[in-house]
Amino acid sequence: MKNKKRALIIGITGQDGSYLAEFLLEKGYEVHGMIRRSSSFNTGRLDKIYQDPHIDNRHLILHYGDLSDSNSIINIIKKSNPDEIYNLGAQSHVRVSFDIPEYTADIDALGTLRLLDVIKEFNPKIKFYQAGSSEMFGKVLETPQKETTPFNPQSPYGCAKVFSHMICSNYRDSYDMFICNGILFNHESPRRGRTFVTKKIVEGLVDIKLGKKDKIFLGNLEAKRDWGYAKDYVEAMWLMLEQDKPDDYVISTGEAHSVREFVEYSASVLGYKIVWKGNGLEEEGIDEKSGKVLISIDPIYYRPSEVDVLLGDNTKAKQKLNWETKVKFKDLIQLMIRGEFEERGISSKNYII
């Protein structure tokens, strides 16, 4: 095990962290992960790869820590002695960041700075990946967005991520550290958190199909996003750290679709045809066949400052990393819907068109 590459994943229990852990284990890494202490189990996404602490020669080792606590960061980096660190830890819900802006800034901005400062002092040769976000582009100044597009964030989350991006660039230039910023556009999967709109849509529509719910409530249907598959995107993270020189990369599909489109196609997979009636907050999505209202609008899900369209230009990632997403928009939705049935232990064959 001494010859194994070691990676430390901050945020290993999240959607991206769990996929990245699986990916790196398959590559032969010894994987360490930082997890926050909780009174309830928060490692469900790691069930397939979890290893009991009493097992000798483990390949997956978890450590308690927090991005708000420098001492825990120091201790974990000393214990794991990693070759690579992937910072995927964040308060990652954009709408919630308006409610808890100080916490969001502490974790998403200063948390990155704490990591960088520990690496600089402990071992500046550690390769570092920072998970950036398309939300940094915010009210976009050009379309599509690429690595040189100016940032114009419209949320505390986006602002915090811009700080992280810039402080990473600063440390890379100032201390000759191997630091890569991945500017990842929206990426989803069956492991997506339940409060995110894509998961909310597919979970809600499956519940409606199974007779467990009457309708779902959404916010801005016109927002357009570049949606990809999280499992594809973690490979891009690894590829960045495999290059000879550190750099920043936009990771995206190059396609933008609205929340409305996401709803319509998700519904069609389950045998519904959505007909829209009304305008603004009064608009409703109705099942054409039954006449039942399946979608209603609730203003609570609107952001104080909206981001209309995010669309990534992944040319650099294609050329330099030889990376391209494999799962497209419609395939992603089908994959997520099948995952909803699997979570319930139900075969999807009788429900999916």
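**Strands, helices and their names**

Visitor: What makes S13 and strand S14 (residues 284-287) a pair?

Guide: The two run antiparallel and are joined by 4 bridges; DSSP must find at least two bridges between strands that pair, so S13 and S14 qualify. Strands here are DSSP runs of E with at least two residues, helices are runs of H or I with at least four, and both are numbered from the N terminus. This is a predicted model, where local features need pLDDT of at least 70, side-chain atom pairs count only at pLDDT 80 or more, and totals for chains, interfaces and linings use all residues. Residues are numbered from 1 along each chain as its sequence is written, and side-chain values use heavy atoms, leaving out hydrogens and water.

Visitor: How do you know how H1 (residues 15-26) and H7 (residues 230-242) cross?

Guide: Their axes come within 9 Å and cross at roughly 65°. Axes are lines fitted to C-alpha atoms, for helices over the stretch in contact (heavy atoms within 4.5 Å), with angles from 0 to 180 degrees between N-to-C directions.

Visitor: What makes the crossing of H1 and H7 right-handed or left-handed?

Guide: Right-handed means the near helix is turned clockwise from the far one by less than a right angle, left-handed anticlockwise; H1 passes H7 in a right-handed crossing. Among the contact residues are Tyr 19 and Phe 23 of H1 and Trp 238 of H7.
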